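I opened my notebook to look up a few things in this structure. Here is what I jotted down.

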Amino acid sequence: MDMSQSLPVNQKVIGRYTILRELRRDRHSVSYAAVDPVMNRELVVKAVQIVPAGPPMRAEARRHIEQAFVRQAQAAGRLHHPNILTVFDAGLGHEFGYLVIERVAGRSLQDLLSGGIKFKDLQCAGIGARVADALEYAHGQGVSHGQLGPQHVYIQADGSPKVSGFGGWIDAGTEGDEALTRTEQFLPYFQNEVTEETRRRDMRSVASLLCTMIQARPHAVTVSNHPGAAAGSVERPSTIPAFAALLSDALDPKSPSAPRRRANCVMR
């Protein structure tokens, strides 16, 4: 099913939200700039196809998917943190679900890095610390991320990050179908539960995020090879000691927080 069939281009209202303009249209999702007429607040309404294309689903299977979609939205809606994208509302249409999301003035870390933006040590440390704090808060609320990457971190005008992607489909409305990766597979089985494995996976993702930012800089951090050096130790005179220790831990394959693919985090 093409989203254009279930969401006309000239859509004017979704739920109680007045549509201002279309931000992005993909095969499975459409994002709109919208206004909440009650709160007089601009936000993003993202409509997503939750009923798979193909023959009509049995009522029970459809209900299962719709309930899982609502659970995702409810889980993300519990998260109230300055560095997590806020989910205000959600609902179900005839062939789609919709999410009402905070509008972020910023660009994704992935776009910034692809565009050649370089971050200094303190900027990398600040972004990494705030993202880690956001994840720790989410874990305390019983919600894990599970797929954190540079595309899920938005850098605002003041340099602070906003983490999106909790609940699979929940982003800033600019990611399109990329945000749906693997969602169809895990949606029916979504659990509002944090295990030790999901916690470690999220923390490894933060380490990988730091490595990605460092690799993008000129004269990136290297791992020491001289005799007596600790495994994964960082040699960069301009790197502040505390940050160097954090990076060494992230690059150490024996560390519980180390990324799974260490080779991708080392730039010689």
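**Ring and charge**

I found Arg41 over the face of Phe88, at 4.0 Å from the ring centre. A charge sits over a ring if NZ of Lys or CZ of Arg is within 6 Å of the ring centre and within 35 degrees of the ring normal.

**What I am working with**

This is a predicted model, where local features need pLDDT of at least 70, side-chain atom pairs count only at pLDDT 80 or more, and totals for chains, interfaces and linings use all residues. Residues are numbered from 1 along each chain as its sequence is written, and side-chain values use heavy atoms, with hydrogens and water left out.

**The sheet**

I then checked β4 (residues 41-49) and β6 (residues 96-101), which pair antiparallel over six bridges. Lys46 has Leu99 in β6 as its bridge partner.

**Cysteines**

How many disulfides does a search of the whole structure find? I got zero (the rule is a pair of cysteine sulfur atoms within 2.5 Å). I also looked up Cys124, which counts as buried at 0% relative accessibility (buried is under 20% relative accessible area, exposed over 50%, partly exposed in between, with a 1.4 Å probe and protein chains only). Cys211 is buried too, at 3%.

Methods:
Pairing = 2+ DSSP bridges. Helix = DSSP H or I, 4+ residues; strand = E, 2+ residues; numbered from the N terminus.
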